[in-house]
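Have a look at the model, try each task, and then follow the solution step by step.

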Amino acid sequence: MKNMTTRQLRLLAKYKPILYLHKKEEISPLSFEEYIYNSELYNGENNTLLISCENITFPLSDEIKNLNNKYLNYVGGFVSPNYYRIKYVPYYGFVYEYKNHIDIVYIFNYFYKKSYKWFNINIGKQHQCDIKHIRIRINKQETHIIGIYFEGYNKDLGMWILNENNNIEFENNDNLKQHPIIYVSKHSHVCYPKKGKWIKSFGFMNDYTNKGIYWYPNHVINLDAHDNDLLSYNGKMDNSKKINNINREHYKIAPEIKNKNLVYRFFYPISKYIKFI
């Protein structure tokens, strides 16, 4: 197990991506540990407080763990991103091995997600705890990146980008091309391979990315080594009771390699039901 954990940490570090938040991003990445420390735990059946802020520790007692409808409520302050702070906010990850390739999943947490705005009208969901991820696929020999899966606003808009024809960007000094550049959209925190405007949902929910705030933390936390703390929590992560906990099963099955083109994204969600788009 120790050798496996060491190898996972090596791979997580070897292919650690570089993220660029939008230069006007208002919501900072936040470690899961800090998010939980600044949260209260509630019983969702009657909305009674179970554990107050700064007192949640894992694993939870059996009595609380067996409650089916518990949730976290973040009560920490508003945190805006800056380079000097977020370099200490870690990525999280899993490593999955398959017959012909290896998938490295990188997970990023933000304490809040804002809704999209169209002429000052809120569109889409806003909620606490915005968890996003990408999936970097490498060859079995661990020498190069095959492609990257970008989660999208939801699973219907996720897309694979293959590492060919300069589809994936790297910094000029990354001669081995092991640390791909990922652009994070303003407010929605959706990850993309390029900067610019990403059109979807008839133009009402467009995403915008640029080479703004640099995020490349000092380390990546291997979640496979955290069964007794972070992975032991089996409740919801936010007070709307919508955001699932961190669970390796959520990331275990790799999505099919399909691309959602501009036409599909523009007509989404109608395109979900039309086969030729």
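**Exercise 1.** Work out how many residues of strand E4 (residues 70-74) are buried.

*Solution.* Start with the terms: strands are DSSP runs of E with at least two residues, numbered from the N terminus, and buried means under 20% relative accessible area, exposed over 50%, partly exposed in between (1.4 Å probe, protein chains only). Next, count: 5 of the 5 residues of E4 are buried, so the strand is largely enclosed by the rest of the structure. Then check the directions: Lys70, Leu72 and Tyr74 point one way, Tyr71 and Asn73 the other way, and all are buried.

This is a predicted model, where local features need pLDDT of at least 70, side-chain atom pairs count only at pLDDT 80 or more, and totals for chains, interfaces and linings use all residues. Residues are numbered from 1 along each chain as its sequence is written, and side-chain values use heavy atoms, leaving out hydrogens and water.

**Exercise 2.** Find how strand E2 (residues 39-43) runs relative to E4.

*Solution.* Two strands pair if DSSP finds at least two bridges between them. Here 5 bridges join E2 to E4, and the two run antiparallel. As one example, glutamate 40 has asparagine 73 in E4 as its bridge partner.

**Exercise 3.** Give the strand order of the open sheet that contains E12.

*Solution.* The order is E13-E12-E1-E16, with mixed pairing. Its edge strands, E13 (191-192) and E16 (213-215), each pair on one side only. Between E12 (residues 181-184) and E13 there are 2 bridges, running antiparallel; tyrosine 183 partners tyrosine 192 in E13.

**Exercise 4.** Is cysteine 129 buried or exposed?

*Solution.* Cysteine 129 is buried, at 0% relative accessible area. Cysteine 53, at 22%, counts as partly exposed.

Notes:
Helix = DSSP H or I, 4+ residues; strand = E, 2+ residues; numbered from the N terminus.
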